[in-house]
Amino acid sequence: MSTSPLAIPILAGPGSIVTAMNYTTNAGYIDLLVILVMFGLIMWLNHLAFISSDYLVRFIGQNKIVVIEKIMGLIIAIIGTNMLIQGIKLAFFSGETLS
């Protein structure tokens with residue numbers, strides 16, 4: 001089984017870094033503790049998903065995995081298309097409000 005190159009940026013890419021920066025800009029000590037616990041929980045859940053991936057593939061079946069991969073690819077393509085459209089709107093219609 002191979003690793004999708006799209007998985008790595010989603011786990012530890014610019015989106016994760018920007019999210020962490022946005023949540024910590026005006027956070028107090030309690031907020032920082034909650035953020036660290038949440039990131040730790042997410043890391044632990046990712047670790048469990050990676051560790052149990054062989055079992056999940058055997059449980060779900062190879063054919064269903066192929067279907068899930070195609071659906072996830074479609075979802076990522078939709079997200080990318082939406083980001084492209086929003087970028088074009090911002091580039092050419094920056095003075096107007098976006099709907």
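Modeller: Buried means under 20% relative accessible area, exposed means over 50%, and partly exposed is what lies in between, with a 1.4 Å probe and protein chains only. This is a predicted model, in which local features need pLDDT of at least 70 and side-chain atom pairs count only at pLDDT 80 or more, while totals for chains, interfaces and linings use all residues. Residues are numbered from 1 along each chain as its sequence is written, and side-chain values use heavy atoms, without hydrogens and water.

Biologist: Is Phe59 buried or exposed?

Modeller: Phe59 is exposed, because its relative accessible area is 63%. Buried residues make up 5% of the 99 residues in the protein.

Biologist: How many aromatic pairs are there in the whole structure?

Modeller: Rings of Phe, Tyr and Trp (its six-membered ring) pair if their centres lie within 6.5 Å, and planes under 30 degrees apart count as stacked, over 60 as edge-to-face and the rest as tilted. The search finds one aromatic pair. The ring centres of Tyr55 and Phe59 are 6.1 Å apart and their planes stand at 20 degrees, so the pair is stacked.

Biologist: In which helix do Tyr55 and Phe59 lie?

Modeller: Helices (H or I, at least four residues) and strands (E, at least two) are DSSP runs, numbered from the N terminus. Tyr55 and Phe59 both belong to helix H4 (residues 53-60), four residues apart, which is about one turn of the helix. The protein has five helices and zero strands.

Biologist: Where is Leu45, and how accessible is Leu45?

Modeller: Leu45 sits in helix H3 (residues 29-51), and Leu45 counts as partly exposed because its relative accessibility is 45%.
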